[in-house]
Structure formats: structure tokens, C-alpha cells
Amino acid sequence: MSPGVILAGCLFWLPLPAVATHCTATRPSTSDIVAHGLLTPSVTVERRHRLADRLLCSALAGNAASQELAGTLYYQGKSRQGNVLPRDVSRARRMLTAAANKGRRHAMHRLAELELSDGHPYEAALWNRVEYVMHGAPLPSLAHLNRAIETRVSPDARLEADVLLKVAAIRDAMGAATP
């Protein structure tokens, strides 16, 4: 199969706004998208939809901060004031996993929360431990999440081995990403 056919196929499957905005992993920045009113209820819904499209384009281009925010917004859905993205646990999981695999702390604990609420306590414990190993003591605001996970999953040799493998993979990916 020729590269042109593959490229055409990929473009067919991408959402049109993502193709039209020419995003890269660094442009537009996530903070610029937020600053322009992504989550500001006084900004028109149409503008927030365009900003959400730019966020998703940036996330698909590999921007870890955009992946983290998009995953969080998909997880929260319309319950978050100003959010135009629907609640979609599957998309949230994919975006948050991509960001967590790049070392993003908030994505790790949001994934732990998502997995626990979705009935996957082992995965919740895995991401909770990975966050601890990579970033240190849990944030005080997450004490309730840590207790909820600990009541469902006891650390064992399998969990610790999986945590070490995940941490090594994330550190490798982070090292490969730096020039």
C-alpha cells in the first residue's frame, strides 16, 4: 500500500475540525485554548465548540497537556460548568491514558478515579501507585480516592511488578521525547 493511500485513509478518519486547524503537539498550546474561553460559560457555545475542536486536534497531535484536559472534560461531561464535550468514559480513558503514559500526574490520578468508578479496582490501584512512584506523596485532596482504592485492592507482588513495568515504560517514553 502506498504512503499516499495510507495518508488519505488517515485523513478520512480524522474529525474534520482536526484536519482544518493544522495542529501540532505544541501549537496551539493548551493554555491558549483555555485562555480564549474553552470553559467560560459567558463565551458563546459555538466558540467553545471551536475551541474544543482545537483542543482535540492538539491532543490528537500528541500534546500531553491537551490529552489530559480533553480526557478530564470527557470524563466530567456537561457536569463541569462551561464544558461542551459530552461525558464519554471510553474517550476519557483513551485521552487520559495517552497523557498518563507521558508522565502527566493529573491524568494518572484522574485515570485511577475513572477506573475505580468504572469497576476496575486493579487498574485504579496501578495508576495510583504509578503516580506515587513517579511524583511522590499523593496530593492531600486525593486522600479519599487513595482510601477507596486501598479498601478494594491490597498491594501484592503482581501489582508492584506491573507498577515497575509501567513506570519504566513511561520514563523511557519521556526520555525519548526529550531532544
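Buried means under 20% relative accessible area, exposed over 50%, and partly exposed in between, with a 1.4 Å probe and protein chains only. Keep those cut-offs at hand for the tour.

**Before you start.** This is a predicted model, in which local features need pLDDT of at least 70, side-chain atom pairs count only at pLDDT 80 or more, and totals for chains, interfaces and linings use all residues. Residues are numbered from 1 along each chain as its sequence is written, and side-chain values use heavy atoms, with hydrogens and water left out.

**Colour by confidence.** pLDDT is the predictor's confidence in each residue, from 0 to 100. The protein chain has a mean pLDDT of 88, and 87% of its residues reach 70 or more. Now select residues 1-21. Here pLDDT stays under 50. The model has ten contacts beyond four places in sequence for this stretch; contact means heavy atoms within 4.5 Å.

**Select Val-43.** This residue sits in the loop between helix 3 (30-35) and helix 4 (45-60). Helices are DSSP runs (H or I, at least four residues), numbered from the N terminus. Val-43 counts as buried because its relative accessibility is 17%. Leaving out residues up to four places away in sequence, Val-43 touches His-36, Gly-37 and Arg-48.

**Go to helix 5 (residues 64-76).** Gln-67 is here. At 6% relative accessibility, Gln-67 is buried. Beyond four places in sequence, its contacts include Ala-59, Met-95 and Lys-102.

**Show the salt bridges.** A salt bridge is a side-chain nitrogen of Lys or Arg within 4 Å of a carboxyl oxygen of Asp or Glu. The whole structure has eight.

- Arg-104 and Glu-68: the closest N and O atoms are 2.8 Å apart. Arg-104 is in the loop between helix 6 (89-100) and helix 7 (105-117), Glu-68 is in helix 5, and 36 residues separate them. Arg-104 is partly exposed at 31%; Glu-68 is buried at 10%.
- Glu-113 and Arg-110: the closest N and O atoms are 2.7 Å apart. Both lie in helix 7, three residues apart, about one turn of the helix. Glu-113 is partly exposed at 25%, while Arg-110 is buried at 14%.
- Arg-129 and Glu-160: the closest N and O atoms are 3.0 Å apart. Arg-129 lies in helix 8 (residues 121-135) and Glu-160 in helix 10 (residues 157-177), so the pair ties together parts 31 residues apart in sequence.

**Last stop.** Select Arg-93, Glu-115 and Asp-118, which are linked in a network of salt bridges.

Notes:
Helices (H or I, at least four residues) and strands (E, at least two) are DSSP runs, numbered from the N terminus.
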